[in-house]
Amino acid sequence: MTLYYLHGFASSSLSVKAVQARRYFTTHYPSADFVALDLAYTPAEAMAQLTAAMDKAPPRAIIGSSLGGFLATVMAERYHCRACLINPAVAPHQVLADYLGEYHHPVLQQHFTVQQSHMAELEQLMPLQLRYPANYLVLLQSGDEVLDYRKAVSYYRGARQQVIKGGDHSFSGFADYLPAIAEFCQLVPPAIAGSQ
């Protein structure tokens, strides 16, 4: 089973958190099959990528940051798997309405135009209510300058939540939380796996 990392809006698999997560999981959990996808910046294309990847290699768990946290939620509800969310975007169609325009993906080397019509697509994707709140670990920093962490506290009620005072949208100190993320994702360390 695969462990997926989903980056945020206008980011990529080369983001600081994605690189830290890849280094940690490939070192400590080499059997986890860690995959950091490079998602398109438009909802339909991103969902097509996720569906194709996860239908082929179902997720054991999904880690998602910001908009990637939203997409991780959509896919975790679909695949009934665990998801760890880092400052997740709640109702991203409301937030991203201020970020319409042209973007260039640094890894895919593609240009994307984020349009108002994409906001309707995001709104349609949003689960109105979580069917499996216990499947989520939600890590929030109150100093997030982009998203209001209180919206996530409300939306993900019933999930395991940790609100860290201060911080920022990039989630300061992310690497320190990787052991807790691995535990929540129910990954088995190689030493334990080898003794079974």
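Entry 1: overall make-up. I began with the secondary structure of the protein chain, which comes to eight helices and eight strands. I note here that the model is a predicted one. I then looked up the extent of the C-alpha trace, and along its principal axes the protein chain spans about 55 × 35 × 30 Å. I next compared the radius of gyration with the globule rule: for 196 residues a compact globule would have a value near 16 Å, and the protein chain has 16 Å, so the two agree.

Entry 2: the sheet. In what order do the strands of the open sheet stand? I read the order as β2-β1-β3-β4-β7-β8, six strands with parallel pairing. The edges are held by β2 (34-37) and β8 (160-164); each has a single partner strand, so one side of each is left without a neighbour in the sheet. I recorded an average twist of 15 degrees from one strand to the next.

Entry 3: I selected β3 (residues 59-65) and β4 (residues 82-86), which pair in the parallel sense over five bridges. Which residue of β4 is the bridge partner of I62? I found A83 in that place.

Entry 4: helices on the sheet. I looked up helix α3 (residues 67-79) and found that α3 packs on the sheet, where it touches β1, β3, β4 and β7 (136-141). The direction of α3 makes about 155 degrees with that of β3. I then turned to helix α1 (residues 16-28), which lies across β1 (2-6), β2, β3 and β4. Relative to β2, α1 runs at about 165 degrees.

Entry 5: the cavity. How many cavities of 30 Å³ or more does a search of the whole structure find? The search returned one. I noted a volume of about 150 Å³ for the largest cavity. Its lining consists of 16 residues, and A40, Y41, T42, P43 and L67 are the closest to the centre. I then asked which elements give two or more residues to this lining, and these are α2 (43-56), α3 and α5 (116-125). The most comes from α5, with three residues. By class, I recorded 12 nonpolar and four polar residues in the lining of the largest cavity, and no charged ones.

Entry 6: Which residues that line the largest pocket are the closest to its centre? Of the 19 lining residues, I found these to be G8, F9, S66, L67 and H169. By class, the lining of the largest pocket has 10 nonpolar, eight polar and one charged residues. I note that L67 is listed among the residues closest to the centre for the cavity and also for the pocket.

Notes:
Residues numbered from 1 in each chain as written. Predicted model: local features only at pLDDT ≥ 70, side-chain atom pairs only at ≥ 80, totals over all residues. Heavy atoms only, no water. Pairing = 2+ DSSP bridges. Helix = DSSP H or I, 4+ residues; strand = E, 2+ residues; numbered from the N terminus. Axes fitted to C-alpha atoms, helices over the stretch in contact; angles between N-to-C directions. Contact = heavy atoms within 4.5 Å. 1 Å grid on protein atoms, 1.4 Å probe; cavity = no way out; pocket = protein on both sides within 12 Å on 5 of 7 lines; lining within 4 Å. Points joined across faces, edges and corners; volume = space filled by probe spheres on them. Nonpolar A, V, L, I, M, F, W, Y, C, P; charged D, E, K, R; others polar. Rg over C-alpha atoms; globule rule 2.2 N^0.38 Å.
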